[in-house]
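Subject: Structure handover

Hi,

Here is the structure I promised to pass on. Please open it first, then read my notes beside it.

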Amino acid sequence: MPSQSKTHSRFVARFSFTLAVLLCSCQAAKAQLGVLSAGNPTKEWRKTQLALLEQQLGDSKVKGELREELLAQQKWLTAYQPGGLTEKPLWEKPESVPAPVAEPIVDPNETAADLRERLLGPKAKPTTKDTTELQELLVDNSGDIGIRQLHLHWLDQKQYRKDYPDEIADAAIRLSGLLEQLKQTEEVRLAQAYCLYRRARALAYRELPDVIEKKPIEDPEKFEAELVGAYNQLISAAGAGRSEFILMDIRMLRRDHFYGQALVLLTDHASNIDRQWFLKKRRDLLREIGWQAPAKEAAELYAKAFPNESDDVE
């Protein structure tokens, strides 16, 4: 995974890199289409694709991020066996990938403990009275960290993310400011990192087509700076490649068309990722990279596992 400085430079050079990838991959794309249209087996397509990647990597002019991307594509495609894709990742989790650490609940005065149980506990059945109580507590205790964290967690549920991305991002900013005032223990630092993750993820939801349809992004350049800034802030606080926030790393790689690197990262962390998100993102990345045969396998596996799910992001 790139360092923070490399992450920043990636965004600056996005369009020039995309052009370089397109130029470098032109021959591969033509060959792939030729193989498929001729009705050759997927094994022959894979063999041809790997040979083309090897040829590109043999060019001394291919350096930096482009080389890293081609190497990642090579790694995934080498592990892939046509017709053999399953719900399992293509390789075991590397020893360097730790298990994620759960988000801490920060509620020094235990102001939100009872309401949290009613709203988000394992046996929660929230009522209108409960949500009204949360709104009243926010008004009466605007500086209470427990209430603010509960509010963020309540808003930032899967079923609400498309409807309230701006509100989630704003709630995260408010909580972040309060967490900064506490003694910076390991628990508080991790809670802060999760807070920054939730903000960056909410901003990423703003880019979804159906969200944009309801609320267009009025200033794309300003939004781009805000999203990249939020992501860099997360990396600064938590470091790159953290298991807890790996889906945000994958999303940003995907935005910059680093599909091979995203596939490798997704596979490395598969055991730490919710089953639905792993299967869906693998399908999406394979479609976007243009590998039709494995993409079809991945799509069939996802559809079988989650036939009624919409195309949400994590």
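Below is what I found, starting with the whole chain and ending with single residues.

The chain overall

Keep in mind that this is a predicted model. The chain has 15 helices and zero strands. It runs to 314 residues, and 49% of them are buried. Now take the contacts between residues at least 6 apart in sequence. Of these, 68% join residues at least 24 apart.

Helix H13

How many of the residues of H13 are buried? The count is 10 of 10, and the helix is mostly covered. The buried residues run through Tyr 259, Gly 260, Gln 261, Ala 262, Leu 263, Val 264, Leu 265, Leu 266, Thr 267 and Asp 268. What lies over them? The cover includes H4, H12 and helix H14, which spans 275-289.

Thr 267

Look at Thr 267 in helix H13, which covers residues 259-268. Is Thr 267 buried or exposed? Its relative accessibility is 4%, so Thr 267 counts as buried; the cut-off is under 20%. A polar atom of its side chain lies 2.7 Å from the backbone oxygen of Leu 263. Set aside the neighbours within four places in sequence. Thr 267 is then in contact with Trp 76, Pro 89, Leu 90 and Trp 91. Check Lys 93 too. Thr 267 and Lys 93 are 174 residues apart in sequence, yet their C-alpha atoms are 7.7 Å apart in space.

Gln 74

Next, go to helix H4, residues 64-79, where you will find Gln 74. The relative accessibility of Gln 74 is 18%. That is under 20%, so Gln 74 counts as buried. Which side chain makes a polar contact with the side chain of Gln 74? The partner is the side chain of Glu 54, at 2.9 Å. Leave out residues up to four places away in sequence, and Gln 74 touches Leu 50, Leu 53, Glu 54 and Leu 57.

H11 against H12

Start with helix H11 (residues 220-238) and helix H12 (residues 246-255). Their axes are 11 Å apart, and the packing angle is about 140°. The crossing of H11 with H12 is left-handed. On the H11 side, the contact is made by Glu 224, Leu 227, Val 228, Tyr 231, Leu 234 and Ile 235. On the H12 side, Met 248, Asp 249, Met 252 and Arg 255 take part. By class, this contact of H11 with H12 has seven nonpolar, three charged and no polar residues.

H12 against H14

Now follow H12 to its contact with H14. The axes of H12 and H14 come within 12 Å and cross at roughly 15°. Angles under 35 degrees count as roughly parallel, so H12 and H14 are roughly parallel to each other. Their crossing is left-handed. From H12, the residues are Leu 247, Ile 250, Arg 251 and Arg 254. They meet Trp 277, Lys 281, Asp 284, Leu 285 and Glu 288 in H14. By class, the contact of H12 with H14 has four nonpolar, five charged and no polar residues.

Best wishes

How values were computed. Residues numbered from 1 in each chain as written. Predicted model: local features only at pLDDT ≥ 70, side-chain atom pairs only at ≥ 80, totals over all residues. Heavy atoms only, no water. Helix = DSSP H or I, 4+ residues; strand = E, 2+ residues; numbered from the N terminus. Buried < 20%, exposed > 50% of the residue type's maximum accessible area, 1.4 Å probe, protein only. Contact = heavy atoms within 4.5 Å. Polar contact = N/O pair within 3.5 Å; in protein donor to acceptor, adjacent residues only side chain to side chain. Axes fitted to C-alpha atoms, helices over the stretch in contact; angles between N-to-C directions. Left-handed = near helix turned anticlockwise from the far one by under 90°. Nonpolar A, V, L, I, M, F, W, Y, C, P; charged D, E, K, R; others polar. Parallel < 35°, antiparallel > 145°, perpendicular 65-115°, else oblique.
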